Amino acid sequence: MLDNLKGVCSNCLVFFTDLDGTLLDHQTYSFDPASEALDMLRKRNIPLVLASSKTAAEIFPLRRAMGFQHCPAIVENGAGILSANDPCTGSDASYRALLERFSNLPVEIQEKFTGFSRLGLDDVIKLTGLAEDQAILAKQRQFSEPGLWSGGEDELPVFFELLKEHGMAAQRGGRFLTLSFGGNKVDQMQKISQEYSRDGRSCFCVALGDAPNDVKMIEAADVGVIIPNSSHSGIDRLKSELDGKTVRAPYPGPRGWNATVLDLLAMVHQGG
């Protein structure tokens with residue numbers, strides 16, 4: 001199991017992690033139970049790239065609080081990137097264009113998708129459990145539109161095909177269906193990993209997540225970690241688990257994240 005970790009040096013590692021339900025507790029949004037592993041990553045100067053459906057405005061203070069503001073972050077389910085040390089002042093032009101494009105879909109289809117742009121602040125707070133200040137940041141979108149689908153499961157393929165015909169795409173997360181012009185976590189992970197590769201040597205990527213929108217990222221990484229989350233359907237058994245490249249954390253949320261990251265770090269060599 002995880003034989004590809006043998007001989008890997010810590011200065012080759014880059015960790016990519018989902019937030020809600022993975023590094024952040026699904027209910028409290030706290031990352032405190034993962035403090036020991038976060039400290040270890042900082043001490044070893046191992047990059048931690050946050051990869052989430054959250055907006056840049058949400059991730060900016062979280063990244064700073066965790067001590068990884070010097071690392072880029074993947075925002076809005078991979079629809080965009082928040083650069084390292086970026087003060088988070090990007091444009092929302094892409095988001096406005098997305099809403100305009102969505103308005104061209106048949107009205108009967110539009111009515112079955114309730115996006116954040118149609119939700120008031122109180123609605124977002126109720127759906128997410130976020131505090132008011134956090135909900136305000138969640139509505140500061142630049143690239144994508146999360147929302148709730150009220151149609152039947154059998155109608156989703158038609159919805160997805162319509163989106164594709166209009167140059168849009170949808171991804172399922174733990175809570176919402178998110179629309180964008182494309183791009184996902186694995187696309188951005190591959191782009192960022194190239195930036196961390198040096199001296200002709202590729203970096204070694206570890207990816208952690210709990211929901212279907214994390215699967216591609218988990219399977220594309222050198223090592224993948226599935227965090228259990230009983231609040232949604234979770235992730236079905238993956239081929240990479242059978243291949244020994246992916247493991248499941250022993251506990252949900254940041255507690256499981258902490259235990260697994262510490263175990264992984266214990267398997268690699270420190271230094272060059």
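**View 1. The residues that line the largest pocket divide into six nonpolar, seven polar and three charged.** Here Ala, Val, Leu, Ile, Met, Phe, Trp, Tyr, Cys and Pro count as nonpolar, Asp, Glu, Lys and Arg as charged, and the others, Gly among them, as polar. This is a predicted model, in which local features need pLDDT of at least 70 and side-chain atom pairs count only at pLDDT 80 or more, while totals for chains, interfaces and linings use all residues. Residues are numbered from 1 along each chain as its sequence is written, and side-chain values use heavy atoms, with hydrogens and water left out. The largest pocket has a volume of about 250 Å³, and of the 16 residues lining it, R172, G173, R175, F176 and L177 lie nearest its centre. Strand 6 (residues 145-149) supplies the largest share of this lining, namely three residues. Strands (E, at least two residues) and helices (H or I, at least four) are DSSP runs numbered from the N terminus.

**View 2. The structure holds one cavity of 30 Å³ or more.** About 330 Å³ of space lies in the largest cavity, and of the 24 residues that line it, D20, S53, K54, R175 and F176 are the closest to its centre. The lining of this cavity is made up of seven nonpolar, nine polar and eight charged residues. On a 1 Å grid over the protein atoms alone, a cavity is a set of points where a 1.4 Å probe fits but cannot get out, whereas a pocket is an open set with protein on both sides within 12 Å along at least five of seven lines; lining residues have an atom within 4 Å of a point. Grid points are joined across faces, edges and corners, and a volume is the space filled by probe spheres set on the points.

**View 3. Ring pairs link F102, F113, W149, F159 and F160 into a cluster.** Rings of Phe, Tyr and Trp (its six-membered ring) pair if their centres lie within 6.5 Å, and planes under 30 degrees apart count as stacked, over 60 as edge-to-face and the rest as tilted. By this rule the count comes to six aromatic pairs. The rings of F102 and F159 have centres 6.5 Å apart and planes at 90°, so this pair is edge-to-face. The pair joins distant parts of the chain, with F102 in helix 3 (residues 93-102) and F159 in helix 7 (residues 156-165), 57 residues apart. Both F102 and F159 are buried, that is, under 20% relative accessible area, where exposed means over 50% and partly exposed in between (1.4 Å probe, protein chains only).

**View 4. The charged end of R255 sits over the ring of Y251, 3.6 Å from its centre.** R141 lies over the face of F116, at 5.5 Å from the ring centre. A charge sits over a ring if NZ of Lys or CZ of Arg is within 6 Å of the ring centre and within 35 degrees of the ring normal.

**View 5. N77 has a positive phi of about 60° although it is not a glycine.** N77 is found in the loop between strand 3 (73-75) and strand 4 (80-82), and at 2% relative accessibility N77 counts as buried. N85 likewise has a positive phi of about 60° without being a glycine; N85 lies in the loop between strand 4 and helix 3, and at 54% relative accessibility N85 counts as exposed.
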